[in-house]
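Please look over the model shown here, with its sequence, before turning to the questions and answers that follow.

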Amino acid sequence: MKKSVKISLITVSVCVLLFGASAVAYRIIRTQGFANSYTINQKEKAQSKVLILTQQSHFKDSVMAKVKDTFEGQPLFIQVQDISTIDNVKQKDWDRILLITTVQSSDLPEKAVHFIKKEANFSKVHLFVTADSGRWPKKPKEVDVVTTTSKKSNIDTFSNAINQVIQKND
C-alpha cells in the first residue's frame with residue numbers, strides 16, 4: 001500500500017474516532033441526573049395536590065428552588081420526584097402533573113414519551129421542556145409546551161410559567 005493511502009486512512013480513522021468521542025462526551029455531559037424526591041407542604045392541609053416529575057441539573061434545581069420558595073406554607077401539596085418514576089403515576093391521584101424534562105437527541109426520555117402519547121390527560125398534565133436550541137422539533141401539535149434553553153437568564157421566566165400552572169384554578 002502506498003504511503004499516501006496509509007496516511008489518508010490513518011487521518012480519516014483519527015477524525016472518525018475524534019468525532020465519535022466528542023459525540024459520546026457531549027451526551028455524557030448533557031445527561032441529566034436523578035432528582036431527589038421531596039414534598040412541599042403537608043398533604044393533610046392541602047386544597048390541591050400537584051406532582052412535579054423532573055430531572056436533576058443545575059438549571060432545574062434552581063427553578064425548583066424558586067418554585068419551593070413560592071409555595072412553601074401555602075395550602076397546596078407538591079410532590080417532587082424524578083421523571084424516571086413516571087410509570088408509577090396515577091393521574092387520578094393528582095390535580096395537576098408537571099413534567100419538567102430535557103430534549104436529548106431530539107426527543108424526551110423514553111418513559112416520558114410513552115406517558116405523553118398513551119396516558120396523559122392534558123387538562124391535568126403540563127410539559128416544561130429544556131433544549132439547547134430552546135425549541136422541541138418533535139413537539140406534539142395538540143400539547144401546550146413551555147420550552148426554553150437552560151440558561152441562568154431563563155430561570156425566573158421558566159419558574160414563573162411553572163408557578164402559573166400550579167396556581168391555576170380549574
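Q: Is Thr 147 buried, partly exposed or exposed?
A: This is a predicted model, in which local features need pLDDT of at least 70 and side-chain atom pairs count only at pLDDT 80 or more, while totals for chains, interfaces and linings use all residues. Residues are numbered from 1 along each chain as its sequence is written, and side-chain values use heavy atoms, with hydrogens and water left out. Buried means under 20% relative accessible area and exposed over 50%, with partly exposed in between (1.4 Å probe, protein chains only). Because the relative accessible area of Thr 147 is 24%, the residue is partly exposed.

Q: Which residue stands opposite Thr 147?
A: Thr 147 belongs to strand S6, residues 145-148, where strands (E, at least two residues) and helices (H or I, at least four) are DSSP runs numbered from the N terminus. S5 and S6 run parallel and are joined by four bridges, two strands being paired if DSSP finds at least two bridges between them. The residue opposite Thr 147 in S6 is Val 129.

Q: Why is strand S5 described as largely enclosed by the rest of the structure?
A: Both faces of S5 are covered, with Val 125, Leu 127 and Val 129 buried on one side and His 126, Phe 128 and Thr 130 buried on the other. Strand S5 spans residues 125-130, and it is largely enclosed because the number of its six residues that are buried is six.

Q: What is the bridge partner of Ile 97 in S5?
A: Strand S4, residues 96-102, pairs with S5 in the parallel sense over six bridges. In S5, the partner of Ile 97 is Val 125.

Q: Is Ser 57 buried or exposed?
A: Ser 57 is placed in the loop between strand S2 (48-54) and helix H2 (58-71). A polar atom of its side chain lies 3.1 Å from the backbone nitrogen of Lys 60. Since the relative accessible area of Ser 57 is 13%, this residue is buried.

Q: In what order do the elements of the protein run from the N terminus on?
A: The secondary structure comes to four helices and six strands. From the N terminus on, these elements run α-β-β-α-β-β-α-β-β-α.

Q: What share of the contacts with a separation of 6 or more comes from residues 24 or more positions apart?
A: Contact here means heavy atoms within 4.5 Å. Among contacts in the protein with a separation of 6 or more, the share from residues 24 or more positions apart is 75%.

Conventions. Polar contact = N/O pair within 3.5 Å; in protein donor to acceptor, adjacent residues only side chain to side chain.
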